[in-house]
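Colleague: I am new to this structure and would like a short tour. Could we look at it together?

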Amino acid sequence: MSLVHQFRSSLARSKTGFIGNLEKLFGSGALSEEFYDELEETLIAGDVGLQTSLKLVGQLKEEVGRLKLKESSEVRNLLLQMLIDLVYSGEAAVEITEQPHVILLVGVNGSGKTTSAAKLANLFCKQGKKVLLVAGDTFRAAAVEQLEIWSERAGVDLIKQQSGSDPSALFFDAINAAQARSVDIVIGDTAGRLHNKYNLMEELNKIYRVIGRNMAGAPHEVLLVIDATTGQNAVNQARSFNETLPLTGLILAKLDGTARGGIVIGIQDALKIPVRYVGTGEKIEDLIPFNAADFVHALLET
Ligand SMILES: Nc1nc2c(ncn2[C@@H]2O[C@H](COP(=O)(O)OP(=O)(O)O)[C@@H](O)[C@H]2O)c(=O)[nH]1
Ligand SMILES: [Mg+2]
């Protein structure tokens, strides 16, 4: 199945929402003020965000005037290109540059970090890489157990400590273990934290610094896991996390759970942090690499 189709089917519930409304709009005939109003409403309702929606419609109007277009169907390709330009913010794929290559997953509670850590481990394992999972959510024993079950299913090693222990120390040890065992990729889960809680964010920054102290240049990737169903708050989360430690990419989990999908557009416009993967379900293989052009085609092509 092509990526366009995978995005389409993961956004299937959007067919009656965002995608469906766009389809109707582009088939509506002659261009009018009403068309632009409805497009604006559709984008906002599709989680694109107010500012980005207004900006897009403004740009579109200008281009339509310049090109003297008359039909709504002619606008589709214009919007398609504008959205691809907007959503593209660098190559999506994680590039493995070091051994071990250290990937840290961060985010708020319940966003999908632990599941995404397992999915990534499975993905790299299938590519023949030696993976080490780190059960960095030391707050909840259940989180360690959850990751342990996933790691057994994926057939990858896991490093853990007693719950309540210092996650920085765990990560320090994990890097040592990875170097000793010639691991290719270390994937670190972390505890969920509210982006506006200072102490928790400081703890995350400490984890980041301790990893860097043990291995220069690490972590090589800090991926913020975002729940696609949280809407505009996702932009605020990304902004706060990015102030605490430099994010290198995003994982958009639970895309299958939203009828919108426009959140990708709003986040890219606001922050220009590349989406690297998209979660499309609860199973370990439900993770697909992101591609801006394919994603936008899935949104706009009938
Ligand atoms: N439908 C769906 N559910 C997901 C996805 N990713 C995670 N979940 C579910 O979201 C819930 C929270 O996930 P978890 O990984 O524990 O979140 P964490 O608190 O950030 O570690 C669990 O019930 C997962 O099964 C996804 O891509 N699609
Ligand atoms: Mg978790």
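Modeller: Let us begin with the ligand. Helix H6 (residues 113-126) supplies the largest share of the shell around ligand 1, three residues. Helices (H or I, at least four residues) and strands (E, at least two) are DSSP runs, numbered from the N terminus.

Colleague: How should I read the numbering, and what kind of model is this?

Modeller: Residues are numbered from 1 along each chain as its sequence is written, while chains are lettered from A and ligands numbered from 1 in the order in which they are written. This is a predicted model, in which local features need pLDDT of at least 70 and side-chain atom pairs count only at pLDDT 80 or more, whereas totals for chains, interfaces and linings use all residues.

Colleague: Which residues come nearest to ligand 1?

Modeller: Gly112, Lys113, Thr114, Thr115 and Gly279 come nearest, out of 19 residues around ligand 1. A residue is near a molecule or strand if its C-beta atom, placed from the backbone, lies within 6 Å of it.

Colleague: And by class, what does the shell have?

Modeller: The shell around ligand 1 has 12 polar, five charged and two nonpolar residues. Here Ala, Val, Leu, Ile, Met, Phe, Trp, Tyr, Cys and Pro count as nonpolar, Asp, Glu, Lys and Arg as charged, and the others, Gly among them, as polar.

Colleague: Where does Gly279 stand in the sheet?

Modeller: Gly279 stands opposite Leu287 in S8. Strand S7 (residues 275-279) and S8 run antiparallel and are joined by three bridges; two strands pair if DSSP finds at least two bridges between them.

Colleague: What is the order of the strands?

Modeller: The open sheet has eight strands in the order S3-S2-S4-S1-S5-S6-S7-S8, with mixed pairing. Strand S3 (157-159) and strand S8 (287-289) are the edge strands, each pairing on one side only.

Colleague: Changing topic, how do H3 and H4 pack?

Modeller: Helix H3 (residues 33-45) and helix H4 (residues 50-67) pack at an angle of about 150°, their axes 9 Å apart. Axes are lines fitted to C-alpha atoms, for helices over the stretch in contact, and angles run from 0 to 180 degrees between N-to-C directions. H3 and H4 are therefore roughly antiparallel to each other; angles under 35 degrees count as roughly parallel, over 145 as roughly antiparallel, 65 to 115 as roughly perpendicular and the rest as oblique.

Colleague: What classes of residue make up that contact?

Modeller: The contact of H3 with H4 has eight nonpolar, one polar and two charged residues.
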